[in-house]
Protein chains: 2
Amino acid sequence: MSPETVLPILRSVTELRRIVADWRRDGLKVALVPTMGALHAGHMALVARGLELADRVIASVFVNPIQFGPNEDFSSYPRREAQDAALLTSNGAGALYAPSADVMYPEGFSTTISVGGVSEGLCGVTRPGHFSGVATVVTKLLLQALPDVALFGEKDYQQLQVIRRMASDLDIPVRIEGVPIVRETDGLALSSRNAYLSATERATAPLLYKTLQDVGARLIAGEDAVSATAWGKSEVLAGGFGSVDYLDLRDASSLKPLDSLDRPGRLLVAARLGRTRLIDNLGLLPR
Amino acid sequence: MSPETVLPILRSVTELRRIVADWRRDGLKVALVPTMGALHAGHMALVARGLELADRVIASVFVNPIQFGPNEDFSSYPRREAQDAALLTSNGAGALYAPSADVMYPEGFSTTISVGGVSEGLCGVTRPGHFSGVATVVTKLLLQALPDVALFGEKDYQQLQVIRRMASDLDIPVRIEGVPIVRETDGLALSSRNAYLSATERATAPLLYKTLQDVGARLIAGEDAVSATAWGKSEVLAGGFGSVDYLDLRDASSLKPLDSLDRPGRLLVAARLGRTRLIDNLGLLPR
């Protein structure tokens, strides 16, 4: 798509299905990139990977009310559709699907999808109901678009594993593709919520990723998980974070706790910096 | 399909999707009739209606473990695949999909779909978890086959409303079609569970439908629901049923309780005859 092309913005399931059907009729493969908007280079990596795996990429932008808790940032979550559309256009997306809450959850809506196992622990503890909200909206988006492939960032690693499990369990006919985290040059994982950080907090934030790397090195060297992650938590707190929700070594696929790095693992962290909750994670392979 | 044709029996999602894709490539519409087997004329009415709405009908037979409670009849539920296949063949079905429990629920399966509102009350009280089990397996069957239309009997009226709600809420791209109850000449609704009845119980069983008709006549005449259904319960108990789980007048669509027949209603009953639980229902329009 050339830069001067106007990006189609779709508001209804009918419009979405029509454009997908048109592309399919032309023999084209379709990728879906579900987002909550406030797009950044991390999302654009999903679009770029989508264009490698398919001929057309639809990005969806929907700030999903049912995945936010009562004291979370639903109302303040950044919304800037015009900027998002411009970024998507210049990165080669073929359409933006931006439904209203009424389209997604009309009067009488009453279905919930819950995923056991991978949803429990980690963010499932501090954000009860969050992953049911994610699983429900992602199922809807996948069944509305029926893309060939859908792309999700590894930044939300637990979410990615929940979606993999859910799509497999429900036999949703789509390939789920995880895309590596995109980072600032100082290591901070890109996130729409980084916009909440003050200048001082922003200077502190890269400590999260540095600590993941240091804890990872300890685990690879053979230190047990309890000891290595306790050290990591104290580092993060000493560096200026207010609290650590978790810093855990998990099995990379099932997300079950690991005592040590005896198989492919994932080190996951959630910590609070001022009023902002940041998450990050790092894949680790045993030596 | 001529009577001498051998009905394809599909065991895997891959085989199922292949036959559906083959038919689609030929421009044919596909209907799915999900069943738990032990097929009778009620199921054949679903097949017949499927053949009116589509070019090919697939019946699925799967006794779904997750919709049975711990003290229910999962292990004794009748299973007779050869008879089912013969009946399907002679009634024009194009394939039988009969997956194993391992195909439907492989190791690690951990996703549940729950539907609020219409699942609550009625059978939702005496069979906790039942409708989640139904919603989960029906979603899987629909997404495995992706038919144009799926057919369900009005015999399980609450189940039908749960499935309509779930398919709409999740944007499953399929038409859900309800098919009227098929009855014996004495009025007993056909059910695989009628096979559990002794000769004496079988003679008593038609009282359930007769009572629905009588209660319906009272409601149409203007009697309030509490009084009319109380009379109906006493009739059923006096006639030899051991207990009545419920006999309720509900809104025909939302299944919310009605005080009187001031809009399209559904009269629903579940009662126990010996060790067998029978259900039935009747649509009622205000005078």
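In this predicted model, 22 residues of chain A are in contact with 22 residues of chain B, two residues being in contact if their C-beta atoms, placed from the backbone, lie within 7 Å. Local features need pLDDT of at least 70 and side-chain atom pairs count only at pLDDT 80 or more, while totals for chains, interfaces and linings use all residues. Residues are numbered from 1 along each chain as its sequence is written, and chains are lettered from A and ligands numbered from 1 in the order in which they are written.

- On the side of chain A that touches chain B, the elements giving two or more residues are β5 (111-115), α6 and α7 of chain A; helices (H or I, at least four residues) and strands (E, at least two) are DSSP runs, numbered from the N terminus.
- β5(A) supplies the largest share of that side, five residues.
- The residues of the side of chain A that touches chain B comprise ten nonpolar, eight polar and four charged; Ala, Val, Leu, Ile, Met, Phe, Trp, Tyr, Cys and Pro count as nonpolar, Asp, Glu, Lys and Arg as charged, and the others, Gly among them, as polar.
- β5(A) pairs with strand β5 (residues 111-115) of chain B in the antiparallel sense over five bridges, where pairing requires that DSSP finds at least two bridges between two strands.
- Within this pairing, A:Ile113 has B:Ile113 in β5(B) as its bridge partner.

**Symmetry**

- Chain A is superposed on chain B by a rotation of 180 degrees with 0.0 Å of shift along its axis (RMSD 0.0 Å); the superposition is by least squares on the C-alpha atoms of residues with pLDDT of at least 70 in both copies.
- The two copies are therefore related as by a two-fold rotation axis.
- The same surface serves both copies, since 100% of the contact residues of chain A recur in chain B.
- A:Ile113 is the residue of chain A that comes closest to the rotation axis, at 2.3 Å (C-alpha).

**Sheet of chain A**

- Six strands form an open sheet in the order β1-β4-β3-β2-β6-β7 (chain A), with parallel pairing.
- β1 (9-10) and β7 (175-179) of chain A stand at the edges with a single partner strand each, so one side of each is left without a neighbour in the sheet.
- Strands β2 (residues 30-35) and β6 (residues 149-153) of chain A pair in the parallel sense over two bridges, and A:Leu32 has A:Ala150 in β6(A) as its bridge partner.
- α6(A) packs on the sheet, touching β2, β3 (56-61) and β6 of chain A, and its direction makes about 155 degrees with that of β2(A); angles run from 0 to 180 degrees between N-to-C directions, and axes are lines fitted to C-alpha atoms, for helices over the stretch in contact.
- α7(A) also packs on the sheet, touching β6 and β7 of chain A, with its direction at about 170 degrees to that of β7(A).

**Helix packing in chain A**

- Helices α6 (residues 130-145) and α7 (residues 157-169) of chain A pack at an angle of about 55 degrees, with their axes 10 Å apart.
- That angle makes α6(A) oblique to α7(A); angles under 35 degrees count as roughly parallel, over 145 as roughly antiparallel, 65 to 115 as roughly perpendicular and the rest as oblique.
- Residues meeting in this contact include A:Phe131 and A:Leu142 in α6(A) and A:Ile163 and A:Met166 in α7(A).
- The contact of α6(A) with α7(A) contains nine nonpolar, two polar and no charged residues.
- Helices α9 (residues 207-220) and α10 (residues 225-238) of chain A pack at about 155 degrees, with their axes 9 Å apart, which makes α9(A) roughly antiparallel to α10(A).
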